[in-house]
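Please consult it alongside the sequence and the structure shown here.

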Amino acid sequence: MRIYHLLLESTKYSLKLIKSQAWWIVLWASLIFTFQWWILPGWTQQPITIKTLIRADEAQQLEPLVTKFNQQHPDIKFQIVEAPSDSNQVEDLYTSSFLLGNSPFDLVYMDIVWTPKFAAAGWLQDLSDRLSQNEAQKYLKGDIEGGMYENKLYRLPFRSDAGMLYYRQDLLDKAGYAAPETFQELLEISQDLQQQGLVEWGYVWQGKQYEGLAAMFVEILQGSGAFWVDPDTLEVGLDRPQAIEAVEFLRQAIALQVSPPGVTTYAEEETRLLFQNGKVAFLRNWPYVYSLALDSPIAGKYSIKPMVHAVGQSSGATLGGWGIGIAKTSKHPDAAWEVIKFLSSEASQREFILATGFVPSRVALFNDKAIVAKYNYYPKLLGVVQSSALRPPISQYAQASDILQRYLSAAITGKMTPEKAMQAAAIETRNLLAS
Amino acid sequence: MLNKQEKITGWLLLLPALFILGLVFIYPIARAFYLSWFTENLGTQLLPVFTGIGNYQRMLGDGRFWQSIFNTSIFTIGSVTLELFLGLGVALVLNKSFFGRGIVRTIAIVPWALPTAVMGLAWAWIFNDQYGVVNDILSRLGIIDTGINWLGTPALAMIALIVADVWKTTPFISIILLAGLQSISEDLYEAHRMDGATSWQSFCQITLPLLMPQILIALLFRFAQSFGVFDLVQVMTGGGPAGTTETVSIYIYSTIMRYLDFGYGAALVVVTFLLLIVAVGITSLMLKKVRLD
């Protein structure tokens with residue numbers, strides 16, 4: 001009771017104090033406000049502000065580069081707005097900002113699969129004239145192609161990403177195998193390792209119904225000599241025999257118990273944990289696993305190589321990665337281009353990659369002295385990234401991907417036969433592209 | 001009787017509320033109705049082109065939409081029914097006086113207070129086939145030899161979703177029912193006991209009828225909420241496997257935000273809205289009847 005009284009009294013007292021001073025506070029605040037927003041800008045030459053929206057974790061990693069840019073360019077102020085850590089949400093935020101018009105963002109930091117949609121919606125500026133042929137050749141070919149829509153460039157790659165096969169060198173050595181090259185070898189070696197009791201499971205991959213399933217499947221398609229959608233002719237190849245064989249490989253991996261049955265629910269992280277904990281011999285994943293697994297019980301026991309493929313075919317690595325485009329609504333495209341040039345320059349990329357362990361988009365950096373000294377596997381990574389396969393760069397990609405995900409998920413969970421599932425997926429995709 | 005002056009004042013006072021209601025409810029609904037007669041997608045450069053009932057015709061042949069309606073209904077009926085029974089049980093327990101009741105009541109609300117996306121992730125791990133707690137318990141009890149692939153099997157994935165939802169929202173129902181229970185006078189039970197009624201008879205003849213309004217309100221809330229379930233499913237299964245857990249709101253979200261197919265998305269919203277209105281209408285009719293009785 002006493003405490004309650006005390007509280008009440010002190011609240012009353014402070015209210016009184018505020019009342020008497022409220023006038024002054026309001027007056028001062030409005031004075032400062034006027035000065036800050038109307039008078040000050042008139043006195044000084046305000047720099048152009050260039051804004052972009054990036055996931056908070058990556059925005060923090062980019063902070064040193066932002067500071068450096070702003071020091072070197074007193075006339076431009078580059079500013080990153082921090083977005084949620086889920087990239088789907090970032091896509092939604094960009095989408096709504098463009099739909100509502102008058103987007104606050106000058107630069108668009110994009111995942112490779114957003115590019116065709118954003119370009120088709122007319123939200124991006126054509127960058128083709130800004131990038132010389134000579135300069136374009138310094139980037140990974142697939143990364144530049146992933147930024148094109150209808151033969152125009154809309155996105156300059158900043159960092160790359162590609163799917164690859166991780167394998168346990170120690171287990172292969174023990175059993176006397178070389179790393180597998182074909183689908184068949186992968187299954188056989190896995191079975192043998194499992195039978196010898198060296199490892200619990202053979203191979204894990206992303207089988208959950210989500211974008212990662214489509215990304216993973218593009219590699220298997222390429223390795224089987226099949227294709228999903230030809231971006232030029234809009235032909236759909238999902239119901240061809242090679243594509244059905246590709247699904248058959250995934251089905252077999254589950255049927256032979258090389259992959260655990262739960263693989264059809266795994267995203268990247270579930271598969272990474274299984275691999276890191278030494279429960280599997282082979283893993284399909286992105287480069288980020290490499291540095292994380294260095295801190296795990298299997299450190300020093302694993303290696304990477306391009307994805308396995310069918311006999312007589314070659315490997316495919318699905319390209320991911322992020323790049324930068326200029327929003328159609330930006331009032332300062334030239335200043336925005338300055339930012340892009342700075343960020344994608346060799347020096348900036350080197351600094352960023354050394355700090356984060358991401359994959360560069362410039363070919364030269366894979367054999368860069370400073371980078372190789374820190375990450376000795378990057379020259380090997382270049383081989384993986386160069387066997388790249390693109391998810392179809394079509395404007396309706398999100399829809400096409402959902403169709404594939406649903407039917408592929410049906411096929412690998414045994415709800416439909418691979419043949420039926422791929423035929424249905426092909427029909428729906430054709431309807432989509434025709435509409 | 002109110003005089004004219006007072007009536008006008010009354011309406012004037014209502015005006016701001018009506019205005020806000022119009023802004024946040026009536027305008028968006030009317031706009032969705034309007035938009036559903038147009039095709040507006042990447043194919044039309046995001047410009048509206050009149051198509052009449054084209055979107056509705058397309059919906060009739062859209063298996064994915066009907067499957068999502070079916071999935072959502074299963075999810076809603078399953079989770080709401082279970083939550084009602086469990087919630088009633090919890091409310092009855094919490095209504096009794098026992099040592100530490102205050103603390104138990106607070107703890108009982110915790111699941112309801114957690115962010116759905118976070119607990120969705122946790123439940124996805126609980127049902128994981130390799131590391132999951134559920135499989136671990138079942139195998140220790142000797143019920144299964146190999147891990148069940150919960151989230152990868154259509155029917156089991158739906159059950160997993162329902163279990164997670166029941167865990168999260170049962171507290172909500174029990175809080176509402178608890179409030180109802182506390183308004184029932186103890187005298188009624190005493191008189192009933194004197195007449196020789198058993199506890200079960202008291203429950204059926206006093207508790208249930210007097211609790212009916214709260215039960216219906218809880219049902220109404222939960223029904224509307226779980227028909228629009230999004231985050232839990234998005235995090236736990238993403239609509240998989242093979243689209244067997246995709247709910248209407250996930251499909252609408254994809255159509256509008258990811259496919260940029262606004263006209264068709266609006267048509268989906270309209271039909272879902274009408275279905276929901278019908279369901280809510282039936283429930284409120286029942287509510288009225290109970291109140292009149």
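A residue counts as buried if 20 or more other C-beta atoms lie within 10 Å of its own, as exposed if 12 or fewer do, and as partly exposed in between, with C-beta atoms placed from the backbone. By this criterion, buried residues make up 32% of the 293 residues in chain B. The structure is a predicted model, in which local features need pLDDT of at least 70 and side-chain atom pairs count only at pLDDT 80 or more, while totals for chains, interfaces and linings use all residues. Residues are numbered from 1 along each chain as its sequence is written, and chains are lettered from A and ligands numbered from 1 in the order in which they are written.

**Chain B: fold and dimensions**

- Chain B contains 12 helices and two strands, where helices (H or I, at least four residues) and strands (E, at least two) are DSSP runs numbered from the N terminus.
- Along the sequence, these elements of chain B are arranged as α-β-β-α-α-α-α-α-α-α-α-α-α-α.
- Chain B is more spread out than a compact globule, because its radius of gyration is 24 Å, well over the 19 Å that the globule rule gives for 293 residues. The radius is taken over C-alpha atoms, and the rule is 2.2 Å times the number of residues to the power 0.38.
- Taken along the principal axes, the C-alpha atoms of chain B fill a box of roughly 80 × 75 × 30 Å.
- Of the contacts in chain B with a separation of 6 or more, 70% are between residues 24 or more positions apart; a contact requires C-beta atoms, placed from the backbone, within 7 Å.

**Chain B: annotated segments**

- An unreviewed UniProt entry carries the annotation "transmembrane region" for residues 12-30, 69-94, 106-127, 147-167, 203-224 and 262-287 of chain B. UniProt positions are given in the numbering used here, feature names are shortened, and annotations may be inferred rather than shown by experiment.
- Residues 203-224 of chain B are 100% helix and 0% strand, with end C-alpha atoms 28 Å apart.
- Residues 147-167 of chain B are 67% helix and 0% strand, with end C-alpha atoms 22 Å apart.

**Interface between chains A and B**

- At this interface, 27 residues of chain A are in contact with 24 residues of chain B.
- On the side of chain A, two or more residues come from each of α3 (87-99), α4 (115-120), α11 (268-276) and α17 (397-412).
- The largest share of that side, six residues, is supplied by α17(A).
- By class, the side of chain A that touches chain B has eight nonpolar, 12 polar and seven charged residues. Ala, Val, Leu, Ile, Met, Phe, Trp, Tyr, Cys and Pro count as nonpolar, Asp, Glu, Lys and Arg as charged, and the others, Gly among them, as polar.

**Nonpolar cores**

- The largest nonpolar core has 162 residues, and Leu107(A), Val108(A) and Val204(A) have the most contacts inside it. Such a core is a set of buried Ala, Val, Leu, Ile, Met, Phe, Trp, Tyr and Cys residues joined through C-beta atoms within 7 Å.
- α17(A) gives the most to this core, with 10 residues.
- This core lies between domain 1 (48-161 + 320-389) and domain 2 (163-319 + 393-434) of chain A, because both give residues to it. The domain bounds come from an automatic or database domain assignment.
- A second, separate core of nine residues includes Val90(B), Ile173(B), Ile176(B) and Leu211(B).

**Domains of chain A**

- The centres of domain 1 and domain 2 of chain A, taken over C-alpha atoms, are separated by 28 Å.
- Between them, 26 residues of domain 1 of chain A are in contact with 22 residues of domain 2 of chain A.
- On the side of domain 1 that touches domain 2, α16(A) supplies the largest share, five residues.

How values were computed:
Two residues are in contact if their C-beta atoms, placed from the backbone, lie within 7 Å.
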